[in-house]
Amino acid sequence: MEPTLLARVIPPTPGPAAELDRLGDEIADLSAHLDAATAHLLDLIREFDARGGWNTGFRSCAAWLSWRVGLDPGAARERVRVARALGTLPRLAQALARGELSYAKVRALTRVATPETEERLLAVGRAGTAEHVERIVRGWRRMDRKAEARETARRHTSRALHVYQDEDGMVVLRGRLSPEVGALLVQALAAARETLYQQRRASDVSAETSLGGVSAETPTLAQQQADALALLAETALHRGMDPGAPGERYQVVVHVDAPALADPEAPGQSVLEDGTRVSAETSRRLACDASRVVMRHAPDGHVVEVGARTRTVPPALRRALQHRDRGCRFPGCGLPFGQGHHLRHWAHGGPTTLSNLALLCRRHHRAVHEEGYQVERHPDGELRFRRPDGRLLPEVPPPAAIPADPVHAFRARHEAQGLSIHPRTAMPGWLGEPLDVGYAIDVLHPLAAG
Ligand SMILES: [Zn+2]
Ligand SMILES: [Zn+2]
C-alpha cells in the first residue's frame, strides 16, 4: 500500500506567537492610554500650581503632590516641572494627550525645548526611541551649556572700570560690572547712603536745637551716591580689605524687648539692625532658635549691660534633635535641615528640652509662627499639626476613591474625547539605523553653527 500523505489541518485557535502579539498590543495600547491620561493629569497639576492650591502650608506644589498622591519627591518635582513646561509647548502637550509620545520622551524633551525649537524636537521624539531621545537631549544640553558659557565668558571679558581725570580736576568713573558684582556694589552704596543719612539726621537735630531750625539742603541722589562711594573707599582702606567670613556678612540682628517676645500683643520694639520693624511674631520665630545676646538698657536707651552670646538650643541638644526628628516634621515635608522650634516658646517659660522641641524647616517654622498653623505634642509623643482653621493636617492623607475598572474608565473617557488610541499610536518611526548624535545636534540645534 502506498503511504498516504495526510494534509495537516491548521487548528482554528491562534498559536502562542499570535497570542503574545496580542498581549504586546494590549501593553502598547494601555501604555498609550496611560500617557494620554498623564497629559490630563499634568493639565490639572499645572492649573493647581498656577492657582496656588498647594499653598496651604506646603513648601511647593511638588511637596503637596508627594504628600497627597504618594509620589517620591523627585518624581513629584519632575511632574510639576513638566506640567509647567508644557504650558508653553502646545505641540508636545498635544502629542502626549493623543498618546502619540510617551511621558518619558516628553519629560526628556521638555528639558531643552523652547517654543522656537519645539517643532524640531517633536520630530525627534516621533522618530526615535526613548533612548535616542535621551541621547539627543543630552547632546542638546551640552550645546546649550557651551553657548551659555561663551556668552558668560564674553560678558566677563568685557568687565571694566575706567577712572580718569576731567579738565576741571574732577575724577570721572565709567564701567561695566558683571551682574553679581554690580548687585554687591548697589547694595554697598545703599548701605553707605543709609549710614550717611543717619549721621546727617543726627547732626541736623543738634544743629536745629542750637541754631534754631537751620538745616542744610538735602543732597540729590547722585550726590548721595558720590558721598556713599567715598565712605566705601574709606571703610575698605580702614578695614584692610577684609571681606569677613560669610556668616558674619549676612547675619541678621534683631533687637526685641523682652515683654514683646513673651506676648505679641504687648507693646515693645522689634527692629532689625538697619531699623526695619518686624512683627512680634517674626521676632519670636527668629528667637526660637538663635544666638542670643541679652542687653539691658537704661530708661534713656543706653546699654548698661551686655551678656555673653549663648545658643538658645545648645549644640549637643541640637544633635539629639536632628537625630530624633531627622528632618522637618511638618506633614509632607521632611527637609533634612531645620530649626529647633519650641512647642511652648522659651519666652513663655517653655523648657529647651527634646520633648518641647520639634525640627521645622525655615518655611514651616514661619507657618507655625506667622501663618496660624498649630502644632502640639500629644501624650503618645506624636505631633499633631492643624491648619489655621483648626482642621487636622494628617501625616498621610486618605486614599482617593477609584472606579473598580480604571482601564475601562480610561478607554471610555478617551473615546468620549474622540481620541483614537491603538497599539501603534506611539510607535517610533525609527527603522533600526544607528544614531549619530553629533550630526543630529549639528542639524537641529539653532546655535550649533556658532
Ligand atoms: Zn519656633
Ligand atoms: Zn518643612
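At what angle do helix α1 (residues 16-50) and helix α4 (residues 90-97) pack, and how far apart are their axes? I am working on a predicted model.

**Entry: α1 and α4**

I looked up the pair. Helices α1 and α4 pack at an angle of about 135°. Their axes lie 7 Å apart. I wanted a word for that angle. Angles over 145 degrees would count as roughly antiparallel, so I log α1 and α4 as oblique to each other.

Next I listed the contact residues. Helix α1 brings Asp35, Ala36, Thr38 and Ala39. Helix α4 brings Ala93, Leu96 and Ala97. I then sorted the contact of α1 with α4 by class, which gave five nonpolar residues, one polar and one charged.

**Entry: α7 and α16**

I turned to another helix pair. Helix α7 covers residues 130-157, and helix α16 covers residues 437-444. I read an angle of about 60° for their packing. The axes of α7 and α16 are 9 Å apart. What do I call this arrangement of α7 and α16? Roughly perpendicular starts at 65 degrees, and therefore α7 and α16 are oblique to each other. I also noted the handedness: α7 passes α16 in a right-handed crossing.

Which residues make the contact? From α7 I have Arg135, Ile136, Gly139, Trp140 and Met143. From α16 I have Val437, Ala440 and Ile441. I count the classes in the contact of α7 with α16 as six nonpolar, one polar and one charged.

**Entry: the sheet**

I moved on to the strands. I found an open sheet of three strands in the order β11-β12-β13. The pairing is antiparallel. Which strands stand at the edges? They are β11 (374-377) and β13 (392-393). Each has a single partner strand, so one side of each is left without a neighbour in the sheet.

I checked one pairing in detail. Strand β12 takes in residues 383-386, and four bridges join β11 to it. The two strands run antiparallel. Across this pairing, glutamate 376 stands opposite arginine 384 in β12.

**Entry: arginine 326**

I finished with a backbone check. Arginine 326 is not a glycine, yet its phi is positive, about 65°. Where does arginine 326 lie? I placed it in the loop between α13 (315-325) and β9 (339-342). Is arginine 326 buried or exposed? I find 12 other C-beta atoms within 10 Å of arginine 326. The exposed class takes 12 or fewer, so I record arginine 326 as exposed.

Terms used: Residues numbered from 1 in each chain as written. Chains lettered and ligands numbered in written order. Predicted model: local features only at pLDDT ≥ 70, side-chain atom pairs only at ≥ 80, totals over all residues. Buried ≥ 20, exposed ≤ 12 C-beta atoms within 10 Å, placed from the backbone. Pairing = 2+ DSSP bridges. Axes fitted to C-alpha atoms, helices over the stretch in contact; angles between N-to-C directions. Parallel < 35°, antiparallel > 145°, perpendicular 65-115°, else oblique. Left-handed = near helix turned anticlockwise from the far one by under 90°. Contact = placed C-beta atoms within 7 Å. Nonpolar A, V, L, I, M, F, W, Y, C, P; charged D, E, K, R; others polar.
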